[in-house]
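Reader: I have a model open and want to go through a few spots in it. Can we start with one side chain?

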Amino acid sequence: MVNIERFRVLVMGRANAGKTTILQRVCNTVDKPEIFDGNGKKIDNAVVQGTLGRGYHNIEHELVFQSNPGYIFHDSSGFEAGSTQQFDGMKKFVISHAATNSLEKHIHAIWYCIPMTDYERTVTAAEQKFFNECDTGHVPVVVLLTKVDFFYLVAIEELLDEGLEMEEAKRRATERESQLLKKWQVHIKCILDQCRFAPKAYLPLQKMDEEGTDCAALIQCTASALNEESLERLLISTQQSSIALCIEFAMRR
């Protein structure tokens with residue numbers, strides 16, 4: 001097998017799903033990524049920020065963080081169910097990069113972000129369209145439940161509505177928060193597992209707004225979803241900050 005030096009991930013989801021923050025945590029940085037076109041040419045940051053400010057993302061662009069250049073990320077802008085052009089462009093990218101003969105251009109995993117701040121509309125028509133119509137082949141899709149810490153506020157509000165005083169509500173909030181997360185994770189899984197191309201795994205992400213948050217669970221979940229040991233090894237080795245994961249992988253093999 002040709003030696004592949006960098007792990008390529010497509011990150012998807014609605015606007016404000018916390019995608020960039022997740023990538024920063026994975027690469028252990030607060031800096032913005034450098035952007036390259038499909039041919040490896042660096043794109044002027046002013047141009048990039050201008051397009052991002054207008055809500056435009058070019059899925060072909062490669063996002064690379066200098067803190068960990070072993071990753072190449074692609075960011076797909078959110079698409080509504082009725083946006084045929086956006087969806088078709090994303091689908092074309094996924095299919096072509098999943099089946100390309102150029103191993104360096106292969107996407108190895110897809111992270112689909114669903115923010116829990118929209119927990120009452122967790123699975124929209126757009127998500128169902130993607131998982132029913134977009135065959136990613138051997139590329140695993142991991143659904144990431146983002147901003148799950150929002151459930152703490154929901155829990156406090158529910159407990160106050162039930163007549164508890166604030167001090168007691170805070171005492172019970174963590175348990176209620178856990179119940180809410182479990183409830184909505186089951187709800188999402190129940191719907192998406194019935195789709196034609198169901199996700200390979202589901203993972204809630206907590207405390208992503210805090211610098212230095214450990215992303216070992218995300219890397220381990222992604223590694224477990226991969227179909228090839230060589231890709232698992234590449235991902236684990238790319239995650240430079242997690243020595244424990246490298247040791248665990250080595251022991252399992």
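Reader: Which side chain does Glu62 join in a polar contact?

Author: The side chain of Arg8, at 3.0 Å. A polar contact is a pair of N or O atoms within 3.5 Å; within protein, one must be able to donate a hydrogen and the other to accept it, and residues adjacent in sequence count only if both atoms are side-chain atoms. This is a predicted model, so local features need pLDDT of at least 70 and side-chain atom pairs pLDDT 80 or more, while totals for chains, interfaces and linings use all residues. Residues are numbered from 1 along each chain as its sequence is written, and side-chain values use heavy atoms, with hydrogens and water left out.

Reader: Is Glu62 buried or exposed?

Author: Buried, at a relative accessible area of 5%; the cut-offs are under 20% for buried, over 50% for exposed, and partly exposed in between (1.4 Å probe, protein chains only).

Reader: What else is Glu62 in contact with?

Author: Leaving aside neighbours within four places in sequence, its contacts (heavy atoms within 4.5 Å) include Glu34, Asp37, His74 and Lys105.

Reader: Change of topic. Which residues touch the most other members of the largest nonpolar core?

Author: Phe130 and Leu192, in a core of 37 residues. Such a core is a set of buried Ala, Val, Leu, Ile, Met, Phe, Trp, Tyr and Cys residues joined through side-chain atoms within 4.5 Å.

Reader: And which element gives the most to this core?

Author: α6, with seven residues. Helices (H or I, at least four residues) and strands (E, at least two) are DSSP runs, numbered from the N terminus.

Reader: How far apart are Phe197 and Asp135?

Author: 6.2 Å, C-alpha to C-alpha, and 62 residues in sequence.
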